[in-house]
Each structure stands twice: as C-alpha cells, then as structure tokens.
Amino acid sequence: MSITLESKIDAFRRLDEAKLTFAKRDWFPGTSGNLSIKLSDSPLTFAVTASGKDKTKLSPEDYLLVDGDAKPVEATTLKPSAETLIHAVVYKNIPNAGACFHVHTLGNNLVSELYFGQRAFSIQGQELIKGLGIWEENAQITVPIVENFADIPKLAQAIEKVITPEIPGVLIRNHGIYTWGGNDFEAKRHLEAFEFLFEYHLRWLQLSQAVQKQTVPATF
Ligand SMILES: CSC[C@@H](O)[C@@H](O)C(=O)COP(=O)(O)O
Ligand SMILES: [Zn+2]
C-alpha cells in the first residue's frame with residue numbers, strides 16, 4: 001500500500017478530531033497520552049502524535065509518520081511520542097488494528113492499581129461490553145494489566161505478551177490504557193466503552209460500601 005499525501009492529510013485530520021474530543025473530556029492531563037492511525041501494513045507505517053505536545057491544542061507540528069521501529073520515515077524536526085514502540089507492537093500483533101489511542105484518566109489509573117495484584121481487571125453483565133464488539137449474553141471481559149516499566153522497549157515487550165485480538169485494550173499500572181480498533185471510529189468506541197466500565201466499577205465499589213455501612217445495625 002503506497003502512502004499518498006491525501007491519506008496522510010486524512011490521517012492527521014482524523015487524529016485532530018480524536019484529540020480534540022478526548023481533550024474536552026480531560027483525558028490528556030499534563031501533555032500525557034498519544035494517538036496513532038495506521039497508513040500501511042507493508043512496510044508498517046503510521047501517523048503518531050509528536051512527543052510532549054499540549055494535546056488540548058492543534059498546531060501544524062502535531063503528527064509525523066513513523067515505521068515499525070518507531071523511527072520517522074520523512075525528514076522532520078519532530079520527535080515521535082516516547083511511547084511509539086507500544087503503537088508498533090499493537091499494529092504488529094493485532095492484524096486488523098488500524099488506530100491506537102492512549103489516555104491517562106483517573107478511572108483507568110485507579111482500576112489498574114486496584115487490580116494489579118491479579119494482573120487483570122474483569123467485569124461482567126454490562127451493556128457497554130457490546131461497545132467492545134463483544135455481543136454474547138452476559139459476557140465477561142478481562143483486561144490485562146502490566147507493570148509500568150520506565151524502559152519503553154521493556155514496557156512494549158510486556159504489552160506484547162498479554163494483548164490479544166479478543167480484548168482491544170491493555171492497562172498499564174498507574175499510567176493509563178492503550179486501546180485499538182479497525183479504524184479511528186472503532187478505537188474511539190472501544191476507549192469510551194472501557195472508560196465507562198472503569199467509572200461504573202469504581203462508583204459501584206464506593207456506593208456499595210456506603211450502602212453496607214448504612215445497613216449495619218447499630219450496636220448499643
Ligand atoms: C507527561 S506524562 C506522560 C508521558 O510520560 C507518557 O506516558 C505519555 O503518555 C505522553 O508521552 P508523549 O511522548 O507525549 O507521547
Ligand atoms: Zn502514557
């Protein structure tokens with residue numbers, strides 16, 4: 001597949017759209033997060049956010065094209081996201097992934113820490129599981145959680161070991177989520193579904209504890 005100027009402009013425009021949508025939800029605190037859209041499989045080429053940018057804003061220097069080793073494929077002064085290797089691992093291991101989004105939210109960080117002991121977070125019987133493309137009755141999903149290694153090749157390797165095409169996401173402990181889909185529309189739907197499920201679960205934990213406290217009979 002050859003990369004045309006039109007396909008590159010289209011990918012950058014789609015990234016702008018996803019970025020502004022997530023920024024409105026405060027999903028990029030402190031310049032965190034990164035986004036990518038695949039342009040070609042062979043050789044692997046994708047558009048990715050430049051490192052360290054304020055992702056609540058648009059500028060002409062927001063994205064660049066990189067290869068499967070996370071190296072720019074065109075002359076540029078921009079530095080690809082520090083976590084570009086993780087996007088490369090997703091595209092290399094999930095054949096139909098066409099877009100990959102990473103955000104840091106309170107919800108995904110809390111869930112990743114609460115369930116790190118099990119190295120996975122499971123949830124069942126929620127309508128929004130269908131948002132992940134899983135339609136079976138009373139489905140249960142299990143999202144893997146990996147340690148937040150500072151060394152990015154090591155982190156990418158840990159992610160490579162646990163990701164599967166069945167569950168379009170992975171949590172990094174006290175860091176955030178990587179999620180993907182066949183295209184940007186699907187990756188966004190998956191990300192929204194995951195974030196809803198995390199928020200639901202956290203609120204459920206809080207409320208069920210509050211209800212339990214209320215119903216404990218008073219001891220005199
Ligand atoms: C500034 S905190 C977040 C970073 O350390 C990193 O985790 C992140 O998501 C953004 O890195 P970036 O290199 O801008 O893509
Ligand atoms: Zn990050």
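Here is a short tour, one selection at a time.

First, some housekeeping: this is a predicted model, where local features need pLDDT of at least 70, side-chain atom pairs count only at pLDDT 80 or more, and totals for chains, interfaces and linings use all residues. Residues are numbered from 1 along each chain as its sequence is written, chains are lettered from A and ligands numbered from 1 in the order in which they are written, and side-chain values use heavy atoms, with hydrogens and water left out.

**Stop 1: ligand 1.** Select ligand 1 and show what is around it: 14 residues, the closest being Ser51, Gly52, Lys55, Ser81 and Glu83 (near here means a heavy atom within 4 Å). That shell divides into 1 nonpolar, 11 polar and 2 charged residues.

Now zoom in on the oxygens. A backbone N or O atom of Gly33 sits 2.9 Å from an oxygen atom of ligand 1. At Gly52, a polar backbone atom is 2.8 Å from a ligand oxygen, and Lys55 brings a side-chain N or O atom to 2.8 Å from a ligand oxygen. On its own, ligand 1 exposes 410 Å², and the protein buries 73% of that (Shrake-Rupley areas with a 1.4 Å probe; for residues, only the protein chains shown count as cover).

Stop 2: Which residues does the UniProt annotation "binding site" cover? The unreviewed entry lists His102 and His104; such annotations may be inferred rather than shown by experiment, and positions are given in the numbering used here, with feature names shortened.

Click His102, in strand 4 (strands are DSSP E runs of at least two residues, helices H or I runs of at least four, numbered from the N terminus). His102 is buried, at 0% relative accessible area (buried is under 20%, exposed over 50%, partly exposed in between, with a 1.4 Å probe and protein chains only). Its side chain makes a polar contact of 3.2 Å with that of Glu83, and another of 3.1 Å joins the side chains of His102 and His104. A polar contact is a pair of N or O atoms within 3.5 Å; within protein, one must be able to donate a hydrogen and the other to accept it, and residues adjacent in sequence count only if both atoms are side-chain atoms.

His104 is in the loop between strand 4 and helix 3. Leaving out residues up to four places away in sequence, His104 touches, among others, Trp27, Gly33 and His175 (contact means heavy atoms within 4.5 Å).

**Stop 3: Trp27.** Trp27 is buried at 12% relative accessibility.

Stop 4: Most residues other than glycine have a negative phi, and most peptide bonds are trans. Select Ser42 and Pro43: a cis peptide bond joins them, with omega about 0°. Next, Thr31 has a positive phi near 70° and is partly exposed at 35%. Last, pick Asn174, in the loop between strand 7 and strand 8, where phi is near 50°, also positive. Asn174 is partly exposed, at 43% relative accessibility.

Terms used: Ala, Val, Leu, Ile, Met, Phe, Trp, Tyr, Cys and Pro count as nonpolar, Asp, Glu, Lys and Arg as charged, and the others, Gly among them, as polar.
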